Amino acid sequence: MQRVLPPPRSLALFGALNTREIERRAAAALPPHTLMRRAGLAVGRLALAIAPHAQRVWICAGPGNNGGDGLEAAMHLAGTGKRVSVTLLGDASRLPDDARDAYVLAQAAGIAIVDALDVPTGFDDEDLIIDALLGLGASRPPEGAIAECIARMNALSGRTLAIDAPSGLNCGTGQPLGASAVQATHTLSLLTLKPGLFTARGRDLAGEVWFDDLGVGLQDDSPDAFLIGADQAAATPRAHAQHKGSFGDVAVVGGARSMSGAALLAARAALAAGAGRVYASLLDEQAPAHDVLRPELMFRAHWWQSHHDVIAATTAVCGCGGGDAVREPLPRLLSASARLVVDADALNAIASDASLQALLRARADRGRPTIITPHPLEAARLLGTDTGQVQADRLTAAQTLTERFRCVVLLKGSGTVIAARGATPRINSSGNAALATAGTGDVLAGWIGGLWAQQSKREPLAIACAAAYAHGAAADAFGGSTLLASDLIKAMRRS
């Protein structure tokens, strides 16, 4: 068993369909009921670890195998002297085979099992609730007694341990299926890790995530996604004889009137990421032509009108604070730039202009990679939908954008999703709400440009993953409630 976050290496994630197939194959190779007994033991051990002083344990068991896992755990916990009570919300005679076996054994062991929704009295902060209601079995909004049970669990003090996934959460998308979902303090994901625990609302509802593969192993299986680990952000060592020309040039095109700060943040981030030279091409011609905080930055008005060969030799970052003015340089950058990061107002311009969309798609045909970095609203504009639809299934939204515009997509938000054509999508494991301040997205775009300039031969998917992880890891190390964008650059440089 392991605590998942932060992962030292990338981890495979499996949705409900793949997990059920893995479970089917594993069960067929083992004696009957083995997987459920291993699952109950794992739940029991984690329960004792997270709530060692609990006197009472209330297990809410549902009508499927998730409930059977809870019944198995009840026997282990009762054997340690805990006062265990089980509420079974389902017909015991209709339980699946494994769960029915666990029910019979729990009855024989003297476990108190009731089918009425009676909340045990006397619960305090040291006691433990185990959510064994739905797990992978959730396919529609909880209702009736299940929904009422979820509400009562959420109203109690004490720790809540969810088995596989908080009941009411879609384990593939990370969004609640309806109005009711368990708010867990801990989740033990069994056999596989599920994508929905790490994106959208899943991070908040799952609490601290743990994993036990039940001794099965997943080496030969194709995951639905990967969770990005620290291995993706490892720094590339520099040779002693290298010089600034070895690490590429970045040009940041943006900063329309009253928004030059966004472009400067991106340019500073590109410089801090290690680019050899960084040019700031501000679209506000009245902005100062220097940066007193970073005099290393070189200002180039109308850089985007440079010779084709100059643009093609430079990693361009376009859109940060660009306003409507960004529409003028976009066609040339889309046509000439060899490596292009598109953010913010440049994305909004593309979303509203079919000719710009065609230029973006055409880049892939000419072997010119692009990384776009939308937040959910920008993604919705590009897809012609709304943020609710994007957030309802972030993995699908990112993959749809990738196919539509033939580029790498970094969909920002809780559990940032990175997708590329023909590749398994990634979910970033790092970051927190300290990043919810103005300008942090500009920093990310600039950092991507800075990394890409140095590692121009590296796959853009890997560049986007490395930048996203470093961006979030700086916030995780910060420890405060809000991280200002200018301070984020310093934090990323230290990490």
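User: Which residue forms a salt bridge with Arg277, and how should I read such a contact?

Analyst: A salt bridge is read from the distance between a side-chain nitrogen of Lys or Arg and a carboxyl oxygen of Asp or Glu, with a cut-off of within 4 Å. In this predicted model, the partner of Arg277 is Asp249, and their closest N and O atoms are 2.8 Å apart. Arg277 belongs to strand 12 (residues 277–282) while Asp249 belongs to strand 11 (residues 249–254), so the pair ties together parts that are 28 residues apart in sequence. As for accessibility, Arg277 is partly exposed at a relative accessible area of 29%, whereas Asp249, at 14%, is buried.

User: Where do Asp343 and Lys412 lie, and how far apart in sequence are the parts they tie together?

Analyst: Asp343 forms a salt bridge with Lys412, and the closest N and O atoms are 3.4 Å apart. Asp343 sits in the loop between strand 15 (339–342) and helix 10 (344–351), and Lys412 in the loop between strand 17 (408–411) and strand 18 (417–419), so this pair ties together parts that are 69 residues apart in sequence. Both Asp343 and Lys412 are buried.

User: Which residues do salt bridges that share partners join into one network?

Analyst: Glu21, Arg24 and Arg25 are joined in this way.

User: Turning to a helix, how many residues does helix 14 have, and what does it reach from its first C-alpha to its last?

Analyst: One way to read a helix is to set its span against the expected value. Helix 14 (residues 394–405) has twelve residues and reaches 16 Å from its first C-alpha to its last, close to the 16 Å expected at 1.5 Å a residue.

User: Which residues of helix 14 are buried, and where around the axis do they lie?

Analyst: The buried residues in helix 14 are Arg394, Leu395, Ala397, Ala398, Leu401, Thr402 and Phe405. Because they cover an arc of only 170° around the axis, they lie on the same side of helix 14. Following the helix comes Arg406, whose phi is positive, near 55°.

Notes. Residues are numbered from 1 along each chain as its sequence is written. This is a predicted model: local features need pLDDT of at least 70, side-chain atom pairs count only at pLDDT 80 or more; totals for chains, interfaces and linings use all residues. Side-chain values use heavy atoms; hydrogens and water are left out. Helices (H or I, at least four residues) and strands (E, at least two) are DSSP runs, numbered from the N terminus. Buried means under 20% relative accessible area, exposed over 50%, partly exposed in between (1.4 Å probe, protein chains only). The expected span of a helix is 1.5 Å times one less than its number of residues. The arc is that of the directions from the helix axis to the C-beta atoms.
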